Amino acid sequence: MIRISFDNSCFEISLVNHHLLPAPGFQRFADTKVKLKLVQSMANIARLLTKRAQDQFPNVVYPLQVITRLNSSCKYLTVHIPISNKSWEFIKTEVTGEKKNVAVITLNRPKALNALCNGLMKELSTALKAYGKDANISAIVLTGSEKAFAAGADIKEMAPNTYSQCIQGNFLNDWTEVARTQKPIIAAVNGYALGGGCELAMMCDIIYAGDKAKFGQPEIALGTIPGVGGTQRLTRVVGRSKAMEMCLTGNMINAQEAEKVGLVSKVIPPDQLLVEAVKLGEKIGTHSNLIVQLCKEAVNTAFETTLEEGLKYERRFNHATFSTIDCKEGVKAFIEKRPAKFINE
Ligand code: CAA
C-alpha cells in the first residue's frame, strides 16, 4: 500500500495497489451533488498521484483511477487501480463484452506452451484477485493459445525440487487462487491442457473446449503424480475408471471424449472458442452478481460434502436469497413482464 498525504486540504489519500482493492461502494456515496463534486475533484488528485506512484514503482500493476470508496468521515479516498497489460510478462488481460463486464486472462508464454512457471502463476493470482474484487466484472475467462492452454507445471523449473524443499516451501500451495475466486471462471481451452494445465482448467467453473483440445495428466511419465487436483477433481468429474486410466497411463483424451465424460460442457471450433466463452460470461453477467456468487458456492459445495449436507447448504442459500433486493426485483420483474434490474444487493 502506498499512502500519500495530500497536504493542502484536510484529506489524506491512500493509494492502494491491486492486492488490496477495496470493496466497491462508491456509487452510493456519489448520490448527493456535494459528494459527487468532492469525489470528482479527488479523482483528479488521484490521477496525479497515480502518475507519481507509477514513476516511483514502475513494476507495480497500474494505472487508471476509479474511486471506489470514500469512508464515512470523508477523510480517506481509496483508489482502485485496475490492471494494465504493459506490466505483465506471462499473461495478457483485457476487459471485454458489450457491457465491459467480462475479464479475459490469456496465458502468454508461447515458447514454453504456457508451462506454468512461478512467475506466470503469480501474475495469474494477481489478476484474479484484482478482477475478483472489481465490481464491474461479472465473469472471468481464462484462456491460452491455439496450440496450448497450458502444458503443465514448468518441468525445467521444478527439476531441482527436493522433497524437503517441497515440504518446507509448500510447493504448489499458491496455485489455488483460481479455485478460491468467488466470481465465475470459464476456461476456454484450445490445444494442450496437460498436467497442471488440465488441473488449472478443472479449477475453473465451466470448461469450453476447442475441437482440437487435448486433456491429460501425464505426470506419471515424469515419475511424479498430479499435485493440484488431477487425482481428485478429475475423479469426481469423470469417474474413477476414466480418471485412473488417464492418471496411470498419462494418455490424453480429445475434446469430444472430454465432452462425453462431462469434463467440458461444450466443444466449439477453435476460432469461435473465445467469442463463445465471452458470450457465456456476458450471459452470466445479466444476472445478479450476488446471487451468481451464492449459486456458484452452492454448486461447488456438491464437490466438498455429502448429499445431505449439501442439500441443507443449498436450502439455506435458497432461503437467504429472499432477503436480497435482487430476488425481490427478479420476481417483480417477472410478474411485470419486464427485464430485471439487478443491483447486486
Ligand atoms: N514445462 C516446461 N517446458 C515445456 C513444458 C513444460 N510442462 N511443455 C513444453 N515445454 C517446452 C518444451 O521444452 C519446448 O521448449 P524448447 O523449444 O526450449 O525445447 C517447447 O515448450 C515446445 O515443446 P515441444 O517441443 O515438446 O512441443 P511438441 O509439440 O513436440 O509437444 C507436448 C507438445 C506434447 C505438450 C510436449 O511439450 C509435452 O509433453 N510437454 C510436457 C507435458 C507434461 O508432462 N506436463 C506435466 C507437467 S508436471 C505437472 O504439471 C505437475 C502438476 O501436477 C502441477
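In which sense do strand β12 and β13 pair, and over how many bridges? That was my way into this predicted model. I found the pairing of β12 (residues 214-216) with β13 to be antiparallel, over 2 bridges. I then looked for a residue pair and got Lys-214, whose bridge partner in β13 is Asn-254.

**Entry: the sheet around that pair**

I traced the rest of the sheet. It is open, has 4 strands in the order β8-β10-β12-β13, and its pairing is mixed. At the edges I have β8 (148-150) and β13 (253-254), each of which pairs on one side only. I also checked what packs on this sheet: helix α7 (residues 196-203) does, touching β8, β10 (192-194) and β12. I noted the angle between the directions of α7 and β10 as about 95°.

**Entry: the 6-stranded sheet**

Next I went to the other open sheet. I read its strand order as β5-β6-β7-β9-β11-β14, again with mixed pairing. β5 (91-96) and β14 (266-268) have a single partner strand each, so one side of each has no neighbour in the sheet. From one strand to the next, the twist averages 20°.

Strand β7 (residues 139-143) runs parallel to strand β9 (residues 185-189), and 4 bridges join them. Thr-143 has Ala-188 of β9 opposite.

**Entry: α12 and α13**

How do the axes of α12 and α13 cross? I took helix α12 (residues 289-304) and helix α13 (residues 307-321): their axes come within 9 Å and cross at roughly 170°. Angles over 145 degrees count as roughly antiparallel, and therefore I logged α12 and α13 as roughly antiparallel to each other.

I listed who makes the contact. From α12 I have Ile-291, Leu-294, Glu-297, Ala-298 and Thr-301. From α13 I have Gly-310, Tyr-313, Phe-317 and Thr-321. Sorted by type, the contact residues of the two helices come to 5 nonpolar, 3 polar and 1 charged.

**Entry: the ligand**

Which residues are closest to the ligand? I have 24 residues surrounding the ligand, with Lys-147, Ala-153, Ile-155, Gly-196 and Glu-199 the closest.

Then I went through contacts to oxygen atoms of the ligand. For Lys-147, a polar side-chain atom lies 2.7 Å from a ligand oxygen. For Glu-219, a side-chain N or O atom is 2.9 Å from an oxygen atom of the ligand. Lys-111 comes in through its backbone: a polar atom there is 3.3 Å from a ligand oxygen.

How values were computed:
Residues are numbered from 1 along each chain as its sequence is written. This is a predicted model: local features need pLDDT of at least 70, side-chain atom pairs count only at pLDDT 80 or more; totals for chains, interfaces and linings use all residues. Side-chain values use heavy atoms; hydrogens and water are left out. Two strands pair if DSSP finds at least two bridges between them. Contact means heavy atoms within 4.5 Å. Axes are lines fitted to C-alpha atoms, for helices over the stretch in contact, and angles run from 0 to 180 degrees between N-to-C directions. Angles under 35 degrees count as roughly parallel, over 145 as roughly antiparallel, 65 to 115 as roughly perpendicular and the rest as oblique. Ala, Val, Leu, Ile, Met, Phe, Trp, Tyr, Cys and Pro count as nonpolar, Asp, Glu, Lys and Arg as charged, and the others, Gly among them, as polar. A residue is near a molecule or strand if one of its heavy atoms lies within 4 Å of it. A polar contact is a pair of N or O atoms within 3.5 Å; within protein, one must be able to donate a hydrogen and the other to accept it, and residues adjacent in sequence count only if both atoms are side-chain atoms.
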